[in-house]
Amino acid sequence: RAKRLLVARDYQETISYSFISPEMAQLLSPQEQQITLANPISADMAVMRGTLLPGLIQAMQHNIARQQSRIRLFESGLRFSKTDELTQVPMFAGLIAGQLEEEQWSQNKRVVDFYDIKGDLEAVLGLTADPDSFSFAAAESAVLHPGQSAQIMRNGVAVGWVGMLHPELEKKLALGMHTYVFEVSLEALNDGKLPAFEPLSRFPSIRRDLALVMPETLAFIEIEKCVRKASHAIVKDIRLFDVYTGDNIDSGLKSLALSLILQDSSKTLTDEEVDSASNAILSALSTELNVELRD
């Protein structure tokens with residue numbers, strides 16, 4: 001299902017060897033102990049891969065050499081690691097680079113960015129039975145750009161990475177364009193739970209917008225966690241619809257605009273109930289994260 005979804009999003013599947021060169025292994029999985037073959041086919045296929053990225057990048061280089069400037073590839077296969085014994089882990093990985101859309105007169109030219117591949121990955125995670133168990137945490141990887149990378153978490157356990165290749169790696173690999181990749185454990189995608197039906201409320205929902213001021217370095221995921229923790233049961237959804245920095249905002253601060261969707265399954269909410277839920281959220285944001293309501 002994940003393969004069909006990415007094909008529908010204009011990706012193409014690659015199938016590559018599990019053997020790579022020692023140089024490629026050092027570049028793309030420096031943290032892994034190299035597993036060297038006793039009798040390799042050739043010098044550039046002497047090490048078992050510790051990630052699926054070498055095959056995807058070699059396929060990208062092959063396409064670039066043939067004048068292809070828009071790359072969208074994915075692969076599923078095994079990665080290998082060794083501590084006390086050899087282990088193999090099924091993985092699912094993707095790569096994008098170049099223009100977002102095929103060149104045409106009615107579309108503005110735009111190159112892909114971090115949020116494009118994150119959106120494709122979230123669509124894959126959305127196929128699982130429990131997509132809400134997945135989250136993204138800011139983290140650094142030796143092969144990814146420190147400001148455009150994230151660890152993929154499932155119930156607090158790391159199951160993969162997503163981000164832009166480190167600029168130094170792009171130069172060494174002579175890619176000539178920013179390249180975005182993801183890699184996630186297939187076991188994490190296969191593990192799920194049975195969905196449960198929840199009846200729809202017959203009563204109207206109420207939207208309450210909040211403009212918040214906070215430190216510029218504070219990530220939205222921290223805001224979301226705090227809001228959900230402090231939310232009353234009537235808060236059904238939280239939506240970020242605006243990010244602002246500039247006039248009337250002090251240096252080092254930013255403003256986020258959130259909308260709270262409130263609804264009860266047994267009655268129409270009163271203004272007092274909506275105000276009480278909103279005030280509880282604002283109080284938690286102020287106490288825990290130093291976030292204030294914008295004047």
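Me: Leaving aside neighbours within four places in sequence, which residues is Lys254 in contact with?
Reply: Keep in mind that this is a predicted model. In it, Lys254 is in contact with Leu212, Val213, Met214, Pro215, Glu216, Leu218, Tyr244, Thr245 and Ile249.

Me: And where does Lys254 lie?
Reply: In strand β13, which covers residues 253-262.

Me: How far away is the nearest side chain of opposite charge?
Reply: That's Glu216, 7.3 Å away. Lys254 has no salt bridge, although it is buried.

Me: OK, what lies 2.7 Å from a polar atom of the Lys254 side chain?
Reply: The backbone oxygen of Leu218.

Me: Switching to the sheet: what's the strand order?
Reply: It goes β12-β13-β11-β14, four strands in an open sheet with antiparallel pairing. β12 (235-244) and β14 (292-293) are the edge strands, each pairing on one side only.

Me: How many bridges join β11 to β14?
Reply: Two, with β11 spanning residues 206-215. Leu212 has Leu293 as its bridge partner in β14.

Me: Which helix packs on that sheet?
Reply: Helix α8, residues 271-289. It touches β11, β12, β13 and β14, and its direction makes about 15° with that of β11.

Me: Zooming out, how many helices and strands does the chain have?
Reply: Eight helices and 14 strands. The C-alpha trace spans about 75 × 45 × 40 Å along its principal axes.

Me: What percentage of the residues is buried?
Reply: 41% of the 295 residues in the protein chain.

Key
Residues are numbered from 1 along each chain as its sequence is written. This is a predicted model: local features need pLDDT of at least 70, side-chain atom pairs count only at pLDDT 80 or more; totals for chains, interfaces and linings use all residues. Side-chain values use heavy atoms; hydrogens and water are left out. Buried means under 20% relative accessible area, exposed over 50%, partly exposed in between (1.4 Å probe, protein chains only). Lys and Arg count as positive and Asp and Glu as negative; His and the chain ends are not counted. A salt bridge is a side-chain nitrogen of Lys or Arg within 4 Å of a carboxyl oxygen of Asp or Glu. A polar contact is a pair of N or O atoms within 3.5 Å; within protein, one must be able to donate a hydrogen and the other to accept it, and residues adjacent in sequence count only if both atoms are side-chain atoms. Contact means heavy atoms within 4.5 Å. Two strands pair if DSSP finds at least two bridges between them. Axes are lines fitted to C-alpha atoms, for helices over the stretch in contact, and angles run from 0 to 180 degrees between N-to-C directions.
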